[in-house]
Amino acid sequence: MKKILVTGGAGFIGSNFIKFMLKHTDCQIINIDKLTYAGNLDNLSGIEKLYTNRYKFVKADINDNDAIGELFVNGLDIVVNFAAESHVDRSIETPDLFARTNIMGTLVLLQNAQKSWGNTPIDKLFIQISTDEVYGSLPEDKLKERFTENSPINPSSPYSASKAAADMLAMSFYQTYGLPVIITRCSNNYGPNQFPEKLIPLIISKALNDEPLPVYGDGQNIRDWIYVEDNAKAVNEIINQGIIGNVYNIGAENEIKNIDLIKQILDILNKPYTLIHYVEDRLGHDRRYAISAAKLNALTGWSALSDFTEKLTLTIEHYKK
Ligand code: NAD
């Protein structure tokens, strides 16, 4: 039975990953989370009772070297590092906080893993959860172009820059100490448990209250949406079959303009388009993301299977409740 340290497990993707892993594997999970504004233990309600011997929550900051060191003393096989400051708008306001959590926090985890596991350990794994945003923006006029793992790192926001820096540190631990590192770079996730400042839950909650829906710029920015459980499945495939020292992109080949996504949500909710209000564009706003997950598919056969309209409707039902 593998013992997995999941960081940031009270957040959006971490909580969905934990539920998926407890349900579909026999692993044991220790979830550590600082419980910032984005962390919510209600995302995991009932889990402790349902999986008494396989799940434990510890409130801790990934920057707390002593607390992290203690967790490694009790033996860990895998680290999956979801913990992060994740909201681009907030990174424009407080870039220092993003550097502290996303870069320094990751470094604390890497150092403790290396110290505890030693150089070139066998049967251990450190998965750094990164983002497609480290690649920056794709040109709008080359619609066939997608990010691959070989695309240059070219982040635009303090958020994506901090994630890119963490990726570099993680890979340096692989190169220098043989720490078994794998990096995932996923596109935009949607689904239950997302903090309602992010686009999809924000639009749903405002539309339900008949409030104006803020749309950045001209609304033509393109994002590549993946259902959160498809991401969880991909990370599990990587745990089982991923090759250390590699980066794997995760995406669903599901590009949608922001404005079209908002209209689709309004259609499902039966709300008028007059709620849409264009607002001043976000600073440094990336125009288009699109990701190729061909490398992961070739290795594991994984692909994102969820139907977008079906899962978007299910997500809307979740936020309605
Ligand atoms: P989130 O903001 O919902 O959750 C982050 C979690 O980390 C929260 O529970 C928060 O309390 C916790 N946390 C923050 N600082 C911490 C600290 N110092 N110590 C311990 N815990 C801390 O984020 P999310 O959307 O679930 O994203 C999870 C990861 O996936 C992030 O690393 C993010 O960069 C990456 N990612 C997200 C998306 C997306 O679409 N949401 C896409 C690609 C990659």
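Pro95, Phe98, Ala99, Asn102, Ile103, Thr106, Leu107, Leu110, Gln111 and Gln114 of helix 5 are in contact (heavy atoms within 4.5 Å) with Pro158, Tyr159, Ser162, Lys163, Ala165, Ala166, Leu169, Ala170, Phe173 and Tyr177 of helix 6. By class, this contact of helix 5 with helix 6 comprises 14 nonpolar, 5 polar and 1 charged residues; Ala, Val, Leu, Ile, Met, Phe, Trp, Tyr, Cys and Pro count as nonpolar, Asp, Glu, Lys and Arg as charged, and the others, Gly among them, as polar. The model is predicted, with local features requiring pLDDT of at least 70 and side-chain atom pairs counted only at pLDDT 80 or more, whereas totals for chains, interfaces and linings use all residues. Residues are numbered from 1 along each chain as its sequence is written, and side-chain values use heavy atoms, with hydrogens and water left out.

Helices (H or I, at least four residues) are DSSP runs numbered from the N terminus. Two packed helices are described by the angle between their axes and the distance between the axes. Axes are lines fitted to C-alpha atoms, for helices over the stretch in contact, and angles run from 0 to 180 degrees between N-to-C directions. Helix 5 (residues 95-117) packs on helix 6 (residues 158-177) at an angle of about 15°, and their axes are 9 Å apart. Helix 5 is therefore roughly parallel to helix 6, a term applied to angles under 35 degrees. Their crossing is right-handed, that is, the near helix is turned clockwise from the far one by less than a right angle.

Helix 11 (residues 308-320) packs with helix 7 (residues 199-208) at an angle of about 60°, the axes being 10 Å apart. This angle makes helix 7 oblique to helix 11, the class left after angles under 35, over 145 and from 65 to 115 degrees are assigned elsewhere. The crossing of helix 7 and helix 11 is also right-handed. In helix 7, Ile200, Pro201, Ile204 and Leu208 meet Leu312, Thr315, Ile316, Tyr319 and Lys320 of helix 11. This contact of helix 7 with helix 11 has 7 nonpolar, 1 polar and 1 charged residues. Leu202 is likewise located in helix 7. Beyond residues up to four places away in sequence, Leu202 touches Pro196, Glu197 and Pro214.

The crossing of helix 9 and helix 11 is right-handed. Leu261, Gln264, Ile265, Ile268 and Leu269 of helix 9 form the contact with Phe308, Thr309, Leu312, Thr313, Ile316 and Lys320 of helix 11. The residues of this contact comprise 7 nonpolar, 3 polar and 1 charged.

Cavities and pockets were assigned on a 1 Å grid over the protein atoms alone: a cavity is a set of points where a 1.4 Å probe fits but cannot get out, a pocket is an open set with protein on both sides within 12 Å along at least five of seven lines, and lining residues have an atom within 4 Å of a point. The structure holds 1 cavity of 30 Å³ or more.

Key
Helices (H or I, at least four residues) and strands (E, at least two) are DSSP runs, numbered from the N terminus. Grid points are joined across faces, edges and corners, and a volume is the space filled by probe spheres set on the points.
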